[in-house]
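Q: Hi! Could you walk me through this structure while I have it open?
A: Happy to, let's take a look.

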Amino acid sequence: MTDHPVRTPGGRPVGILGTGSYLPAEAVSNELVAERAGVTAEWISAKTGIRRRRYAADHEATSDLAVEAARAALADAGIRAGQLGWIVVATSTPDHPQPATACLVQHRIGATGAAAFDINAVCSGFVFALVTAAGLLSAGSGAPAPYALVIGADVYSRIIDRTDRRTAVLFGDGAGAVVLGPVRPGYGLTGSLLTSDGALHELIQVAAGGSRAPASEKTLADGGHFFRMRGRAVSEYVLAELPRAIRALLAAQRTDAASVDHFIPHQANGVLLAKALPDLGLPRARTHLTVAEHGNTSAASIPLALDDARRQGAFTDGELLLLAGFGGGMSLGAALVRWQDGHGGS
């Protein structure tokens, strides 16, 4: 990874005012996944640290999950949908190639007038969306209202090859959301680092279904619409680049690693995260993991873990949170958030 600028927000301080999440009802055990993937439940647990995951019902699409998470986050923040100026949905499994899934969410929740769009940075998507929305709010940017809704939502059960043990054992479905708005000076998003390495774009991909390889009988027969990942190379990227990115962010923000109170990473693979943690240099941070119960929910994994921790009362006023995502592209995003209890500005 080459050096990339760390962004320090200017203008109005913007932070997280509320969180929400949604998980489909169907819990899928390792035993069920293992049978089709040609492995054992014990193999899945040993290789991934995952015990179960959730799959969306037949009638559920990504927007359905996103809407439920959005409603929960709005209720938690005490904000009405009509007060939103922006809706940003991070997803790599949209309902349709177009329109944006965010527009479907806007309509369903009644956020009339809000600007709505999607971001696809695969599993890094939530951090990319969070930084984008916070920047728009902080700068003003002509937004009609001082609040934004950021959602990470994915339904990977629709694009995985359930006979492929490298991917089928990892992924589940879910959605998580946050409401962003004004906070007290010194609180909220205090710095971020976003980076991509397109030279590695083939490590994670769905090859067919776009303009390069439109849907056809051949792409269907070849399995081109399934998610594919070169697991070993992806692990090498994460183990090398995630520590470097975190060090760069903390150094640029003149923040001591020991001052990070909570670490909320993308829940890619429990075994991979266990390997990565010792090299991150976060001596006091409490790491929040939901991967054992949720699996890898792509762009939803960070906001799902964030909501789970917040609802358990894990965060107190003034604590420093570090969010970090990594995924296809290859892409990587990290953000520092100074937590503010309660809602609204100063």
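**A buried arginine and its surroundings**

Q: Is Arg53 buried or exposed, and which side chain of opposite charge is nearest?
A: Arg53 has no salt bridge, and the nearest side chain of opposite charge is Glu31, 7.2 Å away. Here Lys and Arg count as positive and Asp and Glu as negative, with His and the chain ends not counted. A salt bridge needs a side-chain nitrogen of Lys or Arg within 4 Å of a carboxyl oxygen of Asp or Glu.

Q: Thanks. What sort of model is this?
A: This is a predicted model, where local features need pLDDT of at least 70 and side-chain atom pairs count only at pLDDT 80 or more, while totals for chains, interfaces and linings use all residues. Residues are numbered from 1 along each chain as its sequence is written, and side-chain values use heavy atoms, leaving out hydrogens and water.

Q: Which backbone oxygen lies 2.8 Å from a polar atom of the Arg53 side chain?
A: That of Val169.

Q: Switching topic: how many aromatic pairs are there?
A: The count is four, taking rings of Phe, Tyr and Trp (its six-membered ring) with centres within 6.5 Å; planes under 30 degrees apart are stacked, over 60 edge-to-face and the rest tilted. In one of them, the rings of Tyr156 and Phe227 have centres 5.3 Å apart and planes at 70°, so the pair is edge-to-face.

Q: How many residues apart are Tyr156 and Phe227?
A: They are 71 residues apart, so to speak in distant parts of the chain. Both Tyr156 and Phe227 are buried. Phe171 also pairs with Phe227, with centres 4.9 Å apart and planes at 70°, so that pair is edge-to-face. Ring pairs link Tyr156, Phe171 and Phe227 into a cluster.

Q: And how many salt bridges?
A: The count is 13. Among them, Arg228 pairs with Asp161, the closest N and O atoms being 3.3 Å apart. Asp164 and Arg166 also meet in a salt bridge, at 3.2 Å from N to O.

Q: Is Asp164 buried or exposed?
A: Asp164 is buried, at 8% relative accessible area, whereas Arg166 is exposed at 53%. Salt bridges that share partners join Asp161, Asp164, Arg166 and Arg228 into one network.

Terms used: Buried means under 20% relative accessible area, exposed over 50%, partly exposed in between (1.4 Å probe, protein chains only). A polar contact is a pair of N or O atoms within 3.5 Å; within protein, one must be able to donate a hydrogen and the other to accept it, and residues adjacent in sequence count only if both atoms are side-chain atoms. Helices (H or I, at least four residues) and strands (E, at least two) are DSSP runs, numbered from the N terminus.
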